[in-house]
Amino acid sequence: MAALTIGGAWRRPSSLPGFGLSLGFTLFYLSAIVLIPLAALIIRPWELGFSGFISAVTAPRVLAALEVSFGTAAIAAIINMFFGLLVAWALVRYNFPFKKLIDALIDLPFALPTSVAGIALCTLYAQNGWLGAPLAWLGIKAAFTPLGIVIALIFIGMPFVVRTLQPVLSDLGREPEEASATLGANRFQTFRRVVLPTLGPAIITGTGLAFARAIGEYGSVIFIAGNLPMRSEIAPLLIVIKLEEYDYAGAAAIGVVMLAISFLALFALNALQAWAYENR
Amino acid sequence: MKTMRGATEDHPLMKLGLIGLTIAFVALFLFLPLIVVFSAALDKGIGIALHALTDPDALSSIKLTLIVAAIAVPANVIFGVAAAWAVAKYDFVGKSFLVSLIDLPFSVSPVVAGLSYVLIFGMQGWIGPWLRDHDIRIIFALPGIVLATVFVTFPFVARELIPLMVDQGRDEEEAAVSLGATGWQTFFRVTLPSIKWGLLYGVLLCNARAMGEFGAVAVVSGHIRGLTDTMPLQVEVLYNDYQFVAAFAVASLLAMLALVTLTVKSLLEWRYADELSAIHRH
């Protein structure tokens with residue numbers, strides 16, 4: 001970067017044509033589709049004034065919805081962290097029947113439309129569903145409770161963790177593990193002291209991506225959630241409800257808070273990743 | 001002969017346990033929801049399911065979904081190629097910032113994306129009143145649905161092509177230009193052949209999301225029956241109407257699209273691993 005700015009030039013000359021066209025179109029399209037609409041979102045709630053904005057986002061129903069969204073997203077992300085590591089480990093290290101099929105199925109939540117996932121999960125976990133009935137027999141009610149939201153978010157977030165870990169795990173040579181075993185460490189010590197620290201940054205990235213996706217998730221959640229205000233109503237649904245009531249500023253206020261927290265989470269993620277990289 | 005377990009091998013019981021847990025997890029959380037979709041669609045026989053698909057509202061939702069994808073996907077392909085060309089072939093200040101801005105839509109909730117367009121084009125939006133006076137419909141109409149879809153599928157092609165084209169460098173293009181090729185000739189004869197599988201990969205993922213997007217489209221569609229309901233929205237409408245067989249019939253079409261996407265994606269990763277971006281080489 002420093003080399004570029006010497007002499008005041010903001011770009012290095014190139015023999016290839018098309019710089020103006022490609023960068024110009026990129027910037028135009030980026031602004032029109034993403035930046036200007038997001039600016040409209042960020043500006044909108046301030047028509048309420050600062051105190052109006054604060055009271056809009058601290059209304060009990062809004063706070064409860066944000067709490068449900070972030071709480072369930074965090075629980076699902078932690079569960080995905082453990083199971084994602086387990087699934088990635090098994091897929092990279094072991095051979096077993098149907099491994100190729102299982103590997104391909106991991107991406108299903110990326111490819112399956114969220115409303116389809118939503119009605120399928122709701123049917124599956126309803127009181128008379130294939131999984132809901134055995135759970136009900138155990139005294140657990142999954143559909144139409146926060147537990148149902150967590151289940152949907154596990155479904156949505158799983159591939160992020162597995163797909164982030166897989167390439168790192170396969171690049172991981174066996175040599176450090178061999179060295180650790182030679183020095184007398186047992187398998188668990190080797191995993192805990194040698195493998196886990198190397199995987200650290202990837203685990204954080206994958207879990208963070210799953211968390212970020214879960215916060216904003218709408219389609220797969222609303223069918224199974226039950227959508228009870230103050231209990232199982234997620235923030236994106238409350239935005240939709242406010243829009244239907246023509247409360248644009250109120251909807252935008254929730255949107256701005258979600259956007260701000262997502263960006264903060266991304267920022268924290270980058271910092272944490274840098275820290276894990278340093279300390280691995 | 002008794003074989004020794006290698007120092008980096010897990011205990012056989014541990015191995016068995018982890019494999020068992022993996023299969024159980026994937027079966028319960030991924031496979032079962034997929035099976036439920038098809039089983040619920042065929043609950044009353046295949047005739048009823050097929051009949052539900054020929055309902056005029058279902059047909060119009062299929063048509064709308066195809067139209068939306070046919071506009072949104074090419075738009076993002078043109079953008080993705082332009083952005084990857086700019087990032088990979090030139091050095092300029094702010095490049096890494098530009099690349100992170102391109103990924104931005106992935107960290108925005110689809111509902112918030114839809115909301116942003118309503119705040120611009122909606123009745124109480126920035127230019128809503130002007131649009132109404134000139135009888136232009138964007139929100140609760142096709143343009144809004146296309147815009148919301150373009151937003152959520154924005155990064156797919158670009159993020160596939162950028163690492164791929166950065167990896168490939170610019171020597172071949174520079175050679176072509178120095179031999180007298182024009183910019184377009186260079187792109188179509190030199191660059192495109194070497195990125196075609198990566199491009200197809202990006203298009204595949206972009207298309208799956210474009211046809212399946214729900215949250216962003218739900219906000220801008222207005223749910224006008226037979227007019228602004230895409231297939232994922234039609235699924236919701238039918239389900240909330242307690243027309244479960246019909247809902248799952250439309251849903252199973254979308255599930256089949258997802259399965260085709262996964263199959264082609266796996267084939268591409270397996271066959272053309274070297275020509276896809278480094279992220280997929282594992």
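Guide: A residue is called buried under 20% relative accessible area, exposed over 50%, and partly exposed in between, using a 1.4 Å probe and protein chains only. B:Ser252 has a relative accessible area of 8%, so it counts as buried.

Some ground rules. This is a predicted model: local features need pLDDT of at least 70 and side-chain atom pairs count only at pLDDT 80 or more, while totals for chains, interfaces and linings use all residues. Residues are numbered from 1 along each chain as its sequence is written, chains are lettered from A and ligands numbered from 1 in the order written, and side-chain values use heavy atoms, without hydrogens or water.

Back to the residue. B:Ser252 sits in helix 13 (residues 244-271) of chain B. Helices here are DSSP runs of H or I with at least four residues, strands are E runs of at least two, and both are numbered from the N terminus. Leaving aside residues up to four places away in sequence, B:Ser252 touches B:Val37, B:Phe38 and B:Ala41. Contact means heavy atoms within 4.5 Å.

Now the rings. Phe, Tyr and Trp rings (for Trp, the six-membered one) pair if their centres lie within 6.5 Å; planes under 30 degrees apart are stacked, over 60 edge-to-face, and the rest tilted. B:Tyr239 and B:Phe248 make an edge-to-face pair, with 6.3 Å between centres and 80 degrees between planes. B:Tyr239 is buried, because its relative accessibility is 12%. B:Phe248 is at 2%, so it is buried too.

A:Phe70 and A:Phe211 are both buried.

Charges also meet rings. A charge sits over a ring if NZ of Lys or CZ of Arg is within 6 Å of the ring centre and within 35 degrees of the ring normal. A:Arg11 lies over the face of A:Phe19, 4.2 Å from the ring centre. B:Lys95 lies over the face of B:Phe92 at 5.9 Å.

Next, the interface. Chain A puts 93 residues into the contact and chain B 89 residues. About 8,200 Å² is buried between them, 79% of it from carbon and sulfur atoms. Buried area is the accessible area (1.4 Å probe) that two parts lose on being put together, summed over both. On the chain A side, A:Leu16, A:Tyr29 and A:Tyr94 lose the most area, together 8% of what that side buries. Two salt bridges cross this interface. Each needs a side-chain nitrogen of Lys or Arg within 4 Å of a carboxyl oxygen of Asp or Glu. B:Lys265 forms a salt bridge with A:Asp107, the closest N and O atoms being 2.3 Å apart.

Chain A has 14 helices and zero strands. Of its 280 residues, 52% count as buried. Its C-alpha trace spans about 75 × 65 × 35 Å along the principal axes.
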